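Here is a short note for a colleague who is opening this structure for the first time. Please read it with the sequence and the model side by side.

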Amino acid sequence: MAAQAFDVVIVGTGPGGYVCAIRAAQLGLSVGVVEDDRPGGVCLNWGCIPTKALLRNAEVVHLLERAETFGITVQGMQADYAAAVQRSRGVADRMAKGVEFLFRKNKITLFPGTGVLRNRTTVEVKGTSGTETLEARRAVIVATGSEPKSLPNVTIDEKTVISSNGAVRNEAKPKSIIVIGAGAVGVEFADVYRSYGVEVTLLEALDRVVPIEDAEVSAQLARNLSRRGIQIKTGVKVSAVKAGGAGVVVETDGGKLEAEQVLMAVGRAARVKGVGLEPLGITLDRGFVKVSPTMETSVKGVYAIGDVAGPPLLAHKAMAEGVVAAEAIAGKSPRPVDYGNVPSCTYCRPQVASIGLTEAKARENGREVSVGKFPFTASGKAVAMAETDGFVKVVADKKTGEILGAHIIGPEATEIIHEFAVGRTLEATLEEIIHTIHAHPTLSEAALEATLAALGHAIHI
Amino acid sequence: MAVTKVQMPKLSEAMESGKIIKWLKNEGDRIQSGDILAEVETDKADVEMEAFGAGVLRKILVPAGEKAAVGALIGVIAEPNDDIGGLVSQAAGAAPAAPAAAKPSAPSEESRRPAAVPPQPRREDHAERSPSPSRGPDAPARAVAPAQPAVTASPAAGGAGDGRVKASPLARKIAAQSGVDLKLVHGSGPGGRIVRRDVEAAGTAPATAAATAAPQRAPAAPGVEFEDVPLTPMRATIAKRMPLSKAPVPHFYVTSEAPMDAAWALREELNGLEGQPKISVNDLVVRACAVALLKHPGVNASFQGESIRVFHRVHMGIAVALEEGLITPVLRDAHAKSLAQLAVESRDLAERARQRKLRTQELSGATFSISNLGMFDVADFSAIINPPEGAILAVGSVRKVPVVTDEGLGVGRRVALTLSCDHRVMDGAMGARFLQDVKRLLEEPLRLLV
């Protein structure tokens, strides 16, 4: 069959790939995209979006459980987990269709199938209806994403040992589950399962939950999760996962644990195999494709974006990289992605969001810091909402007031964080934040107050 | 017929305001598109301002001698029966003079040209007419002129905080704490905004303050120890621009000496021909460089942050000394021009530079520059690169020196050539190979004629 030619051929339509495709189309390039699953990638179909739907369910359950707080009596409440998963699937379907619509709107051609680079301008697509060859006139973009990792000698069978892929699909909830890994994925599923009454044990090899976050945030989150009955064991090394007992037995350096299921949430690995990268001699770095600031790989004309191009493995980082790649290919001079200014968000309850350096990291870097903290217990809006767990913490350079980092745990933390993201992009200092009038009453006032606290004069505490 | 707004044009990248030197048309004059309306003084040069519409010059809003911000309405061209009342009254509130201390904001990377150079006496000697930058702010004394009114003082005057410098809050704070003058900092952020890294880079270059005020030693009134002479716009630009080259651009220098006996003889021969333009030593060097740059495009290149832009055409910047500083007009497509053409054009450029009659497009876009101090009996010197160019060649005097030949000791003519290179763009060997070719071309100057 004759090859079809496009300016840009993108392998993978996750948040990196589809955003890149749209941006390239906006810039007048013809774009072909290859997808072996559904448009939207892991994010829309199996990750970010469906888990947010499940977490919303968990939140509703939680609200109803404490309806008394609001003087509301609920009788005969039943939380149907299968219905929660079905709703989540519906949300994912709708978003995937949205991506298909955007492809049509931008005249982007979708090729279902597995894409393999044959050379630096040719992508072969093996689909259900045969093989097609796509020629890229300007660039090929590898946006193949990542997949869940396991521990050595532990096989994910998606039955008793599941990954997030299985967890997001399974309509049946286990009676008990051991979640291995207390990063964002582990904590979010622990939250969902616990809200639906599952006995949850959360294991973490490092010394605290959400270990990349500020230590005070970890401590606060651990308190909240424990209070809700999640068993947390940190500093625990898993040596083996075997069938047995109630379903599966996890052997650790602190003894054996058993549960009906194990959820492996120990991180994700780049999908670099079977894409045709090795024969082209594309350089990898610690398992990820090595890229330039314009997202070009070691092979000219071949770009990589998103999870496959390295950490942080976040959809919004992938989107930003997709834009940079598209603009670079179109001959513009995009500003490279600022990897030091990528917000990190965990949608458990209370939510966790951060940007920049933790207090410890800032000190480690030799910065003299001033820290301001403001608890949501002192926020009028949070009290009115009856969501007072958590705080906003600002880490600033003592001399210049540069905002080195911001760490939020609490209601809508993932929305509030952007004030600091914009501030950091504009190189605002503490003063610009405090001179910005914040509406009252809002949760964002806590950001203002924490900033004031860093300067030593918070008003409401 | 349409009403045409006459606005202060942006005549150089750095320009924020301009001063009307004089109007060449009066109110009521009929104007054709392309007519020269006025002469405008910018930080660089005096530039003629063209009309972009036809009609009658109905109104002059900014009289000669006053400044106006770039984009400000300075006049109106319209037909006699057009109503311009609204436009004029609207401008009356906003216009006429630019803020007294209109100051250059963050320079953008393209094209602020001059290099630091002492004011130089003009010479009759037309052989070499393009003197130029040497190191340092060692400006010799000059007669103290009565301080001009506010206008020329503008780039120096005005404290901080008038908001005209585009800089991030953090950059401002760091600048304040480290004593960096933001007016002298090159902004690399969006739209030339000065961000943290720019100030930090500038902070490592303490040259700024020293460069801004040229010390004056001329005898003033008895008993007066010193006098602060306001910076002319050109001096301010030089003062601002040079540290932006010397500090962030990692310079290295390659020096060679070229035998000039053959070139000298050829030049005398050429200049003996009737009806031919006079050729200077500098013209020979310009031609040699243009030819060599085509062969060594890596030297005809510019550092672009994430890439190196290699030029396929040679636009030659030729430094010209003026009383109050220097300017580097650009001789475009030098590689495609004969020696005679180069000679004619570069003389014209130098002449108009001295009269401050250069056109905007002649003030920027060089890919390589030459600076020649030959007429000052300078053995050799090195020049500061004009970013974003990647190199500049400093040319000394052609001197008679003892030379060792196969036959023994003789007398030869030699010229010292020092190439300043941006190490981000090229390495020593590349610079050396280029210089070698320049030397060979001068050594065998007939190659310059073919």
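Predicted model: local features only at pLDDT ≥ 70, side-chain atom pairs only at ≥ 80, totals over all residues.

1. Chain A as a whole. Chain A has 461 residues, of which 50% count as buried. Its secondary structure consists of 15 helices and 24 strands. Among contacts in chain A with a separation of 6 or more, 64% are between residues 24 or more positions apart.

2. Chain B as a whole. Chain B has 450 residues, and buried residues make up 46% of them. It contains 10 helices and 18 strands. For contacts in chain B with a separation of 6 or more, the share from residues 24 or more positions apart is 70%.

3. A helix pair in chain A. Two packed helices are described by the angle between their axes and the distance between the axes. Helix α1 of chain A (residues 15–26) packs against helix α9 of chain A (residues 315–329) at an angle of about 35 degrees, and the axes are 7 Å apart. The crossing of α1(A) and α9(A) is right-handed. On the α1(A) side the residues in contact include A:Pro15, A:Val19, A:Cys20 and A:Arg23. On the α9(A) side they include A:Ala318, A:Met319, A:Gly322 and A:Ile329. Sorted by class, the contact of α1(A) with α9(A) has 11 nonpolar, 3 polar and 3 charged residues.

4. An open sheet in chain A. Five strands of chain A form an open sheet in the order β8-β15-β9-β10-β11, with parallel pairing. Why do β8 and β11 of chain A each have one side without a neighbour in the sheet? Strands β8 (161–162) and β11 (231–234) of chain A stand at the edges and have a single partner strand each, so one side of each is left without a neighbour in the sheet.

5. Strand β9 of chain A (residues 176–180) and strand β15 of chain A (residues 261–264) run parallel and are joined by 4 bridges. In this pair A:Ile180 stands opposite A:Met264. Helix α6 of chain A (residues 184–195) packs on the sheet and touches β9, β10 (199–204) and β15 of chain A. The direction of α6 makes about 165 degrees with that of β10(A).

6. Two hairpins in chain A. Strands of a sheet pair through backbone hydrogen bonds, either parallel or antiparallel. Strand β4 (residues 114–119) and strand β5 (residues 122–127) of chain A pair in the antiparallel sense over 5 bridges, and a hairpin through 2 residues joins β4(A) to β5(A). A:Asn119 stands opposite A:Thr122 in this pair. Strand β5(A) also pairs in the antiparallel sense with strand β6 of chain A (residues 130–142), over 6 bridges. There A:Val125 stands opposite A:Glu132, and a hairpin through 2 residues joins β5(A) to β6(A).

Note on methods: Residues numbered from 1 in each chain as written. Chains lettered and ligands numbered in written order. Axes fitted to C-alpha atoms, helices over the stretch in contact; angles between N-to-C directions. Left-handed = near helix turned anticlockwise from the far one by under 90°. Contact = placed C-beta atoms within 7 Å. Nonpolar A, V, L, I, M, F, W, Y, C, P; charged D, E, K, R; others polar. Buried ≥ 20, exposed ≤ 12 C-beta atoms within 10 Å, placed from the backbone. Pairing = 2+ DSSP bridges.
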